[in-house]
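Welcome! Here is a short briefing to read alongside the sequence and the 3D view.

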Amino acid sequence: MIQRGPEMQAGAPQRRLAGNLTETFWGRAALRLVALVLFVGAWQLAGDDSIDLLFPTATRTLDAFVELVRDGRLPLGLLITGQALAVGFAIIVSIGVPTGVLVARFPLADRVVTPYFTFLVAIPIIALVPVVQALLGLTFAARVTVIVLFGISYVVINSAIAVRRVRTDLTEMARSFGAGRLAMMTEVVLPAALPGIMTGVRLALGQALIGMVVAELTIVGAGVGSLIAELQGRFKVAGVLAVAMTIVLVGLCLLSLVEMMERRVNRWSVQK
């Protein structure tokens with residue numbers, strides 16, 4: 001029988017507490033709340049409201065946020081920006097996942113397509129923004145194209161890797177029971193590959209959010225990009241920071257939503 005030392009026994013309550021904090025919803029929420037309080041406190045201490053041009057305190061930034069919400073400019077900007085993000089992300093998923101599956105299943109598609117998506121991952125996409133602007137002008141399509149360029153390669157590559165890593169014993173068993181190509185794909189390959197595909201979708205959403213901001217600041221003065229440019233021109237530092245923090249919070253909410261979907265898909269895939 002293994003005898004546990006007094007040090008291990010003394011550390012057991014701490015390990016249980018750490019496990020409760022990191023493995024439960026309320027534990028994670030408490031940790032995030034503490035981190036948020038510390039961040040806001042440090043922000044308040046670092047800010048200086050003596051002159052409008054200096055880094056604003058958290059309270060001044062909150063006042064600027066309330067003002068932007070009351071006059072409707074921030075909700076309108078988020079609505080315009082959200083349209084481009086929604087369309088771009090829908091294109092990323094609807095084209096990226098099937099392309100990744102084709103790349104994994106057909107070597108010819110792999111040799112033809114993969115170098116282009118590897119190229120998109122390797123280079124800074126912002127270098128392609130002037131090209132997109134020259135081709136599509138200052139249009140909604142240009143903003144959507146930039147968002148797609150930022151995110152689609154992550155879905156394609158992760159989907160291809162996930163399909164390739166499907167256990168061969170599963171496919172061989174399905175084949176031995178006479179499963180056709182369609183049944184093999186829909187009943188075996190895709191359910192087993194879904195966790196990897198969702199990882200790519202989550203990464204692509206983060207990149208799409210970056211592409212959204214880049215597109216609005218560099219191509220078209222629309223949505224929150226237009227609002228930031230206007231506030232910068234009037235030296236409203238607190239307003240700029242309020243818009244930036246709003247974008248960050250919206251992005252965190254969207255990523256949390258996708259992470260929750262990813263966990264549910266993982267559990268479903270294991271049960272399948």
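A residue counts as buried when its relative accessible area is under 20%, as exposed when that area is over 50%, and as partly exposed in between. Keep in mind that this is a predicted model. With that cut-off in hand, we can look at one pair of aromatic rings and then at a pocket.

**The aromatic pair**

- Searching the whole structure turns up 1 aromatic pair.
- Its members are Phe39 and Trp43, whose ring centres lie 5.9 Å apart with the planes at 50 degrees, so the pair is tilted.
- Phe39 and Trp43 both belong to helix H2, and because they are 4 residues apart there, about one helical turn separates them.
- Trp43 has a relative accessibility of 12%, so this residue counts as buried.
- Phe39, with a relative accessible area of 45%, is partly exposed.

**The largest pocket**

- Rolling a probe the size of a water molecule over the atoms shows where empty space is left.
- The largest pocket has a volume of about 920 Å³.

Methods
Residues are numbered from 1 along each chain as its sequence is written. This is a predicted model: local features need pLDDT of at least 70, side-chain atom pairs count only at pLDDT 80 or more; totals for chains, interfaces and linings use all residues. Side-chain values use heavy atoms; hydrogens and water are left out. On a 1 Å grid over the protein atoms alone, a cavity is a set of points where a 1.4 Å probe fits but cannot get out, and a pocket is an open set with protein on both sides within 12 Å along at least five of seven lines; lining residues have an atom within 4 Å of a point. Grid points are joined across faces, edges and corners, and a volume is the space filled by probe spheres set on the points. Rings of Phe, Tyr and Trp (its six-membered ring) pair if their centres lie within 6.5 Å; planes under 30 degrees apart count as stacked, over 60 as edge-to-face and the rest as tilted. Helices (H or I, at least four residues) and strands (E, at least two) are DSSP runs, numbered from the N terminus. Buried means under 20% relative accessible area, exposed over 50%, partly exposed in between (1.4 Å probe, protein chains only).
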